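Hello,

Here is the structure I promised to pass on. Please have a look, then read my notes below.

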Amino acid sequence: MNLTLKIWRQKDSSSKGQMVDYKVTDISEHMSFLEMMDVLNEQLVNSGEEPVAFDHDCREGICGMCSMYINGEAHGPDRGVTTCQLHMRMFKDGDTITIEPFRAAAFPVIKDLVVDRTSFERIQQAGGFISVNTSGNTQDANSIPISKHAADEAMDAATCIGCGACVATCKNSSAMLFVGAKVSQYALLPQGQIEATDRVLNMVAQMDAEGFGNCTNTGACEVECPKGISLDNIARMNRELMKASI
Amino acid sequence: MALDSKVPKGPIKDKWTDYKNHIDLVNPANKRNIDIIVVGTGLAGGSASATLAELGYNVKAFAYQDSPRRAHSIAAQGGINAAKNYQGDGDSFYRLFYDTVKGGDYRSREANVYRLAEVSANIIDQCVAQGVPFARDYGGLLDNRSFGGVLVSRTFYAKGQTGQQLLLGAYSAMNRQIARGKIEMFNRHEMLDVVKIDGKARGIIARNLITGEIERHSAHAVVIASGGYGNVYFLSTNAMGSNATAAWKIHKKGAYFANPCYTQIHPTCIPRSGDYQSKLTLMSESLRNDGRIWVPKKMEDVLAIREGRKKPTDLSEDERDYYLERRYPAFGNLVPRDVASRAAKERCDAGYGVNATGEAVYLDFKSAIERYGKEQAKLHHLTNPSNKEIYDLGKAIVEAKYGNLFQMYEKIIDQNPYETPMMIYPATHYTMGGIWVDYNLMTTVDGLYCIGEANFSDHGANRLGASALMQGLADGYFVLPYTIGDYLSNDIRTGKISTETKEFEEAENEVKERINFFINNKGKYSVDYYHKKLGKIMWDKCGMARNAKGLQEAMVEIKALREDFWKNVTVPGTANEMNPELEKAGRVADFLELGELFAKDALDRNESCGGHFREESVELDGLQKGEAKRNDKDYAYVAAWEYKGEPSEAVLHKEELEFNDIELKQRSYK
């Protein structure tokens with residue numbers, strides 16, 4: 001298929017950006033979206049132009065690096081996938097595709113489609129851990145049974161890949177789904193109880209300090225989340241926060 | 001230099017304990033004055049950074065991604081081995097040790113592997129304490145699964161995302177130390193050289209990938225944890241950015257490179273679909289626990305399927321060739337990876353591949369869905385359940401076990417693997433070869449360590465499933481923190497290492513020169529053009545099966561390609577900005593050297609072992625006819641290569657392998 005691409009080009013964080021049109025031809029429907037971008041970049045390099053910078057790494061939907069806002073949706077029109085897992089069979093010959101970076105005040109653009117998500121790092125550093133030394137001298141792994149249900153729910157929360165689609169999608173640029181997922185994982189496990197109060201208070205405070213917006217329960221984040229992280233995690237975080245605050 | 005593995009004396013069971021009891025320690029106050037650089041923050045580098053920082057050292061950690069959580073360890077799916085014997089099926093340290101040495105085709109160092117088996121149990125305890133949500137059974141205890149090449153269930157898992165959860169565990173431990181200021185994290189930085197002062201590793205030169213700035217960083221010791229070199233094949237299951245640059249740079253500065261030809265071609269990957277393909281996707285080996293691998297028995301069925309006249313589900317049981325079950329009745333679909341990969345290649349080379357490219361076999365879950373369905377029907381007290389009820393109940397179990405993998409497959413191939421068998425084909429996945437290290441995980445350069453996939457130590461010629469995560473975390477959490485202390489105890493009076501020295505200046509200039517070359521060359525071809533060409537040579541001539549003629553040709557072709565690269569490569573943009581093409585250029589330049597050493601090593605090893613199958617070395621008769629033939633008399637050594645300018649001139653140093661606790665045997669999975 002032949003496509004027109006409208007892509008956000010921005011030289012660096014201090015330059016002004018703009019949308020630029022490109023054409024690509026003979027795109028196979030079996031290609032992934034990023035392979036289509038590879039074709040465009042090879043074309044640009046061969047004609048002496050600068051290729052489009054974009055974040056990507058594992059290309060199997062788990063590292064959370066890729067982050068494109070495609071036709072007005074984080075990770076594009078398919079559900080339950082990251083940009084790297086989006087396939088060109090979702091598009092038709094002759095389509096015009098708009099490609100932008102994930103936009104949020106807390107995710108400044110570094111170049112073209114690459115954004116700075118280190119605000120997520122700082123939220124994790126504020127409390128996204130259990131304070132246990134890695135000496136190996138802990139108790140036996142089976143000494144505290146954990147119900148399968150709780151373990152599975154914790155796993156569902158822990159599935160978050162930290163890509164930031166929730167933030168990019170939210171009209172308030174809220175990071176509640178991301179933070180809720182991490183708070184939930186630990187809240188559901190006995191190992192996480194000891195520090196539960198400090199954890200939720202510190203992580204939420206850091207989230208606010210980074211300039212993420214508030215949650216107004218539109219649920220858009222859950223729809224666009226490539227890993228299906230549930231809104232229940234936000235509710236659980238709010239409960240934890242309430243518990244910690246009184 | 002003669003290789004000294006520094007394996008402690010004494011019985012294998014006591015070596016590690018005795019070692020720990022007798023090493024020199026650094027007192028807590030002195031640790032505060034010692035800096036350690038860790039390059040790479042996957043399972044090995046992440047766990048090492050966290051532990052070293054907890055002990056009190058000042059750690060500087062480097063990752064090319066925007067967060068340690070994105071390292072490619074995250075993509076490991078299946079699980080992590082540990083000799084816990086929770087299932088009571090006869091597991092022990094010795095058995096894990098034995099399976100790993102045997103699975104590695106007797107080309108690993110016994111003492112290292114025993115230590116790995118010993119600390120494996122600690123890993124699970126540690127990870128549970130960190131909040132890693134491993135799968136559990138209904139009683140609340142940890143669940144296990146079995147993995148290829150072993151007869152016990154010792155693999156712990158978190159759905160099909162075990163690597164992700166373990167990495168997030170190590171990442172959380174890192175975050176705790178970053179918050180305390182004990183780890184200084186350098187995201188989006190790439191190490192471009194190591195700096196040696198008086199023969200000791202004392203720092204690195206790194207490029208800030210956002211600004212392009214070249215930075216000097218000093219430390220009392222440098223740890224390389226930068227993963228494997230599978231991307232030398234261009235197509236592999238590695239991440240796009242996975243590279244050998246850190247490992248190759250230290251090789252050029254004196255660290256020997258061991259067994260580069262040992263590559264794991266993983267049997268269960270999604271087949272290639274076209275020339276535009278940028279990477280291959282692994283489907284966890286755990287699928288082989290429940291999936292049965294087959295191709296049609298009759299060529300006419302193969303053709304009918306390829307042309308779309310028949311569907312795989314149209315074929316009856318006796319029209320299918322379950323070739324692993326046929327050839328290896330004892331292990332069946334659970335033979336080790338190297339065996340399963342070669343068997344798939346054998347069938348496809350014979351013309352039985354089931355997709356358009358002729359490079360795919362089926363992995364079928366129909367029997368598993370039925371088996372689980374019947375079991376569930378009993379549990380649910382259903383009398384005379386319908387086929388539909390059995391299917392639905394069975395499907396639910398398969399979904400719970402492998403749901404995310406099935407979903408991933410469907411997204412890529414656009415077929416529903418619950419209804420039609422998956423198509424799979426082998427792909428490059430892991431490199432057992434790597435930087436040579438002694439028992440202390442130190443390279444042949446003082447103060448320079450190498451851990452995780454980047455070193456060569458524990459997997460011999462073939463890695464068993466669920467062993468990579470185990471090794472990465474063992475090295476980082478439990479081994480390196482002891483061994484590095486013994487070395488650093490001599491450095492407590494050294495004081496801060498200055499970066500204002502001629503050694504740093506020279507290394508920095510070299511790095512800058514190379515970058516300027518790329519930017520100014522303005523050649524004809526893109527970096528990917530060369531990378532794809534290299535990948536093709538590697539796959540065709542240094543792939544699943546190798547012979548002397550092909551390897552000699554590969555060496556010549558890679559050298560010619562490298563010379564062409566240095567004349568005609570083009571890199572757009574400038575040095576002082578984010579420039580992904582420039583990053584790739586540096587990495588491919590290194591692969592173009594490593595590839596040649598790889599072929600040279602494969603040529604030297606005129607035996608078949610593990611991931612290295614030499615066509616000249618097969619069993620000619622008996623039960624094992626056609627299987628790989630190892631040659632313990634002449635090749636029971638680690639091939640450690642010393643850099644001498646050109647890869648073709650590398651000098652071979654042999655570390656003879658001694659097996660005192662395991663008898664060398666032909667691996668038989670029949």
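Helix axes here are lines fitted to C-alpha atoms, over the stretch in contact, and angles run from 0 to 180 degrees between N-to-C directions. This is a predicted model, where local features need pLDDT of at least 70 and side-chain atom pairs count only at pLDDT 80 or more, while totals for chains, interfaces and linings use all residues. Residues are numbered from 1 along each chain as its sequence is written, and chains are lettered from A, ligands numbered from 1, in the order in which they are written.

**Helix packing in chain B**

Take helix α4 (residues 93-103) of chain B first. It packs against α5(B) at an angle of about 135°, and the two axes are 8 Å apart. α4(B) is therefore oblique to α5(B) (under 35 degrees is roughly parallel, over 145 roughly antiparallel, 65 to 115 roughly perpendicular, the rest oblique). Helices are DSSP runs of H or I with at least four residues, numbered from the N terminus. From α4(B), the contact includes Phe93(B), Leu96(B) and Phe97(B). From α5(B), it includes Glu110(B), Val113(B) and Tyr114(B). Contact means C-beta atoms, placed from the backbone, within 7 Å. By class, this contact has eight nonpolar, two polar and two charged residues. (Ala, Val, Leu, Ile, Met, Phe, Trp, Tyr, Cys and Pro count as nonpolar; Asp, Glu, Lys and Arg as charged; the others, Gly among them, as polar.)

α5(B) also meets α13(B). Their axes come within 9 Å and cross at roughly 85°. So α5(B) is roughly perpendicular to α13(B). Among the residues in this contact are Arg115(B) and Ile123(B) of α5(B), with Met470(B) and Phe478(B) of α13(B).

**Chain B against chain A**

How many residues of chain B are in contact with chain A? There are 68, and they touch 69 residues of chain A. α6(B) gives the most, with nine residues. The side of chain B divides into 27 nonpolar, 26 polar and 15 charged residues.

**Domains of chain B**

Chain B has domain 1 (268-428) and domain 2 (522-634), with bounds from an automatic or database domain assignment. Their C-alpha centres lie 30 Å apart. Five residues of domain 1 and four of domain 2 make the contact. Helix α10 (residues 337-349) of chain B gives the most to the domain 1 side, with four residues. That side has one nonpolar, one polar and three charged residues.

Best wishes

Methods:
Contact = placed C-beta atoms within 7 Å. Helix = DSSP H or I, 4+ residues; strand = E, 2+ residues; numbered from the N terminus.
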